[in-house]
Amino acid sequence: MPRYDFRCRSCGATFELRRPMAQANDPALCPQGHEDTVKLLSTVAVTGAATGRPAPAAGGGSGGGGGCCGGGCCG
């Protein structure tokens with residue numbers, strides 16, 4: 001289940017909640033009971049396999065690509 005970080009605008013507390021993705025944007029109460037909270041953006045680190053090797057570059061290392069995502073799918 002994904003973890004979402006929130007900050008209370010009333011008291012400034014930062015807290016996290018685990019909830020289904022379908023409830024990601026639902027309101028959250030802070031631990032102090034305040035309702036004025038905002039969901040924070042979080043950064044995610046994406047790495048290669050569990051061996052610790054970096055993930056291969058998009059396009060399999062053949063260079064080029066193009067399009068909006070660099071994968072050659074968009075033209």
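These notes cover the strands, the sheet and the surface of a predicted model.

1. Basis. In this predicted model, local features need pLDDT of at least 70 and side-chain atom pairs count only at pLDDT 80 or more, while totals for chains, interfaces and linings use all residues. Residues are numbered from 1 along each chain as its sequence is written, and side-chain values use heavy atoms, with hydrogens and water left out.

2. Elements. The protein has three strands and zero helices. Read from the N terminus, the elements run β-β-β. Both kinds of element are DSSP runs numbered from the N terminus: helices are H or I with at least four residues, strands are E with at least two.

3. Sheet. The three strands make an open, antiparallel sheet in the order β2-β1-β3. At its edges lie β2 (14–18) and β3 (37–39), each of which pairs on one side only. Two strands pair if DSSP finds at least two bridges between them. From one strand to the next, the twist averages 35°; axes are lines fitted to C-alpha atoms, and angles run from 0 to 180 degrees between N-to-C directions.

4. One pairing. Strand β1 (residues 3–8) is joined to β2 over five bridges, in the antiparallel sense. Aspartate 5 stands opposite glutamate 16 in β2.

5. Burial and surface. Of the protein's 75 residues, 13% count as buried, that is, under 20% relative accessible area with a 1.4 Å probe, protein chains only. The accessible surface is about 5,800 Å², and carbon and sulfur atoms hold 53% of that surface. Accessible areas come from the Shrake-Rupley method with a 1.4 Å probe.

Note on methods:
Buried < 20%, exposed > 50% of the residue type's maximum accessible area, 1.4 Å probe, protein only.
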